[in-house]
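Work through the exercises below with the model open. Each task is followed by its solution.

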Amino acid sequence: VSDCVSDIRNTVGNVPMEWYRDFPHIGYNLDGKKIYKPIRNKDELDDFLDKMDNPDYWRTVPDKQTGSDVVLSDEQVQLVNRLQRGQFGDANFNEYEPQVEFFSRDVMLHPVTNRPADKRSFIPSLIEKEKVSKLVHAIKMGWIKPRRVEDDSRGRYYDLWANEDSSILARHKMHLPAPKIPLPGHQESYNPPPEYLFTDEERALWEQQDPCDRKLPFVPRKFSSLRQVPAFSRFIHERFERCLDLYLCPRQRKMRVNVNPEDLIPKLPKPKDLQPFPTTQSLVYRGHSGLVRSISVSPSGQWLASGSDDGSVRFWEVCSSRCLKTVQVGGAVKSVAWNPNPSVCLLAVALDSVVLILSPSLADRQVVLSSERLLSAPQEADANEGAGPVTWSETEGEELNHGIRLKIQHPKAVQQVSWHAKGDYVASVMPDHSSNLQVLIHQLSRRRSQNPFRKNKGLVQCVSFHPVRPYFFVGTQRSVRIYNLVKQEMTKKLQANSKWISSMAVHPGGDHVICGSYDCRLSWFDLDLSTKPYKMLRHHKKAVRGVAYHRLYPLFASASDDGTVIVCHGTVYNDLLQNPLIVPVKVLRGHEITHDLGVLDVTFHPTQPWVFSSGADATIRLFT
Amino acid sequence: MSQLQARFFTEDKRYIVDDVPFSIPAGSEVQDLSNVINKLLEANNASHSKVEFDFLVRGQFLRTSLSIHMDTEGISTEEVVELEYVERITAPEPEECMMHDDWISSVDADAEWILTGSYDKTARIWSVEGKAVMTVAGHTDVVKDVAWVKRDGLTSLLLTASLDQTLLLWEWNSERNKLKARHCCRGHTGSVDAVATDPTGSKFCSGSWDKMLKIWSAVPTDEADEVEEPADRPRKKQKTQQLGLTRTPLMTLSGHNEAVSSVLWCDSEEVCSASWDHTIRVWDVETGGMKTALTGSKVFNCISYSPLCRRLASGSTDRHIRLWDPRTKDGSLVLLSLTSHTGWVTAVKWAPSHEHQLVSGSLDNLVKLWDTRSCKAPLYDLAAHEDKVFCVDWTESGLMLSGGADNKLYSYRYSACQTDAGA
């Protein structure tokens, strides 16, 4: 069949064969003769049978140009299959030939193209600049407007809790997170280290204990693996208790105030800014052989008098620490006081039951003469002289040569002497529990003594005259009483808040008093402020023995048995509203503690910021 | 170790080296530099014997290594350092120790004789060799200050000031060793703590605890001045066994608020006084008025004036020696503080022949020799005394004297460096 088909050549070309549908022929062969259509006498049934019978039916296709059936060969079928799969028609063509890498990321020694980069790649583009400047111009002219922010006023968002009750909100704010359960420790482990496991005794103890006393609410147990751990039988119970705890236990927010401890300290000026004050030991006055109970500086500041337990009064030159004069008075000297009046030169000395008035003749001849005149005033022929408790007597012979002028014999041991600022009156103290005869005021010019107090108001420790006004300060064991000598009445009673007052000093202005006490305190009284201490200073470790004010500088000092002298700055103001400024400025050491006694007396130089201290080590020291 | 460029120069003709910069290690100390100079001098002059030198950098003595010194003084190490060198001041050699019976309060010495005042109420005259020549007794109280007035051949006039409020003018013949009290100067009402004679020897000035300065005539006469008797004489006539004729002051200078502790004459018309009221005052003797006041902050114990450098040196109770310019107008400018003492400075004295050196005595038992070009540390500490030092002196002949509370007057021979005269 195929031979005859190959002979038939249709020469009509590539034209639609429908054109020949109504003709008996379908074209023309090479000779120009009509090619007739094969006789199609097969109907559907034949076709079906053919499909069933002919095994090559599936590869038989009609040839449209000749109208005859062509059976495709195996090669042709394969070709059709390949084309249908989208493969190349040629079976021998390898489409996966290895590719030759012409272009790679590696920079080659010889590049494929060696063209330099364009100039435009590294200069700003003029076109872009033009575009940007156009945009800028448009923005400037207002042609382009920035994107409008979408306003939220239409209420897309709103406060969900705006209508909520404020108390509920406050509770939200005050929400306190529940305390966390402590993290499980080694005991809770299913495989705890052996030291956490209970021994038999511990277990017995645990079982004996009341459930609320137990340290652990469970017994640690050991399992070989997690799989072995049984279900926790008390889980529900424990959760419930936890919830109960959280529900029932009230919780409170603790307000913690953050305070800087530095802010609690009051602002005080630096000691450096409060100079001058004594800082270093300059001179030591050696010569006494017993403890030096009392010292006093002459009003001119040239001489220092000291009284000691060795029974002598010594006079020292301040600037050279030279002892110029020694007066043996025959008894432990309790107190010495230099007459504050610069026109006389007298020293009162208290020892045993005698007050001696010494004229050391260490001053100008005129001054010595005037003091002699004061002492040798005509004695009043008092009628009650014999009845008085005190006998005045002039000294003679040896004692007179030593400068002892007057002897005032007291009935009891005298502890302290104190001069009035004018220098005519001297007060002496005889501490006694049971008598009203504790303080005596002597008048030198008239050689008269009087007892100002009728009643015993307590053990008198020290007395002092007011520097300018007619007041008299009496320091008893617990308080300081201030008497008006003109009106003869008590004006004030200062409560010292201490057990036992040892010493007292009156400010040169007269409105302030400091008291030292045996219970280590120093109290400053502002007489205009209150009868209670304005300030208590507890800087000393042991009993305070002596206190002193400086006459000119705002300084005061206290001497104590701990062997130190503490110098404090104390400015007082004329303004009544302003409280005194008290700043401790210096601790002066130097005295050795002997027989548990340290510094016994302290006094300031009248004109320089220097302080003298006398101690139980038989020395007097000058600090400048 | 870094190197420095240094140029050495000196005023001393004997030790001049070439004026060229040398490169020296920055860590050099004085000894190293001294060795360098000695090497250079040996190279120039084979017969040179080794001399110790001290070095000055911009007028300050070198005491540490050069780099540290320049660091603290803020001198650049980049430039050539000018190093001046002077022959090292040799330590004063102790010579004599003159024992007294009591504390020595004051000393005044000249080329031949030493005069000391003592707390045993006497003054003593010693020869320079340390031989006691004469005891001047007459005061009834401690002698606080002494001074030579003048010497005419064998007769000398001397002054003693005492706590008994008088001054005594004595005439002493050194050949016959005869002493005569010529005048008793009365007028002070406090202890007379300081006395000074003017350069001509015709007047003297005294300062007292009664805050006054008094000018007296130092010329001995044979007439007593009239003394107005106090109106009310004491009942019993005081035994007026008086030494010499009474003399009253020519002039009283008042102005100090506290005791006068030291006086001196700057020149024949000017008196300078130091006081416990924290001031130094300069007075005009002609008019009796105060010229200037230098205000300090502490009590002044002593002053000394050097006509060479026209500076006042003051010793005060706060351990410092301060230098002042008495001619300054604004008053209270301290030029320099010398601090090394640990107690009150009780005595200062300028070197009579050297404008930079002074000697000071203090309550810390030390006498110190200072150079103002080395204000941090003294040149030498003379630790001979066992107690407080009260007085120092320095004579023209190079003898330094110090006395104190250990009753001893020490003298030190000080080889005055003539080389420093122009330094």
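**Exercise 1: a ring pair in chain B**

Phe8(B) is buried, at a relative accessible area of 1%. This is a predicted model.

Task: Classify the pairing of Phe8(B) and Tyr85(B), and say which strands it joins.

Solution: 
- Start with burial. Tyr85(B) also has a relative accessible area of 1% and is buried, because the cut-off is under 20%.
- Take the geometry. The ring centres of Phe8(B) and Tyr85(B) lie 6.4 Å apart, with the planes at 70 degrees. Planes over 60 degrees apart count as edge-to-face, so that is the class.
- Phe8(B) sits in strand β1 (residues 3-9) of chain B, Tyr85(B) in strand β5 (residues 81-87) of chain B. The pair therefore ties together parts 77 residues apart in sequence.
- Widen the view. Ring pairs link Phe8(B) and Tyr85(B) with Phe22(B), Phe53(B) and Phe55(B) in a cluster.

**Exercise 2: the interface**

Task: Describe the interface of chain B and chain A by contacts, buried area and charge.

Solution: 
- Count the contacts. 25 residues of chain B touch 25 residues of chain A.
- Take the area. The two chains bury about 2200 Å² between them, 53% of it on carbon and sulfur atoms.
- Find the main contributors in chain B. Trp209(B), Trp276(B) and Trp344(B) lose the most area to chain A, together 26% of what that side buries.
- Check charge. The rule finds 2 salt bridges across the interface. One of the bridges joins the side chains of Glu317(A) and Lys144(B) at 2.1 Å, N to O.
- Sort the chain B side that touches chain A: 12 nonpolar, 7 polar and 6 charged residues.

Notes
Residues numbered from 1 in each chain as written. Chains lettered and ligands numbered in written order. Predicted model: local features only at pLDDT ≥ 70, side-chain atom pairs only at ≥ 80, totals over all residues. Heavy atoms only, no water. Contact = heavy atoms within 4.5 Å. Buried area = accessible area lost by both parts, 1.4 Å probe. Salt bridge = Lys/Arg side-chain N within 4 Å of Asp/Glu carboxyl O. Nonpolar A, V, L, I, M, F, W, Y, C, P; charged D, E, K, R; others polar. Phe/Tyr/Trp six-rings, centres within 6.5 Å; stacked < 30°, edge-to-face > 60°. Helix = DSSP H or I, 4+ residues; strand = E, 2+ residues; numbered from the N terminus. Buried < 20%, exposed > 50% of the residue type's maximum accessible area, 1.4 Å probe, protein only.
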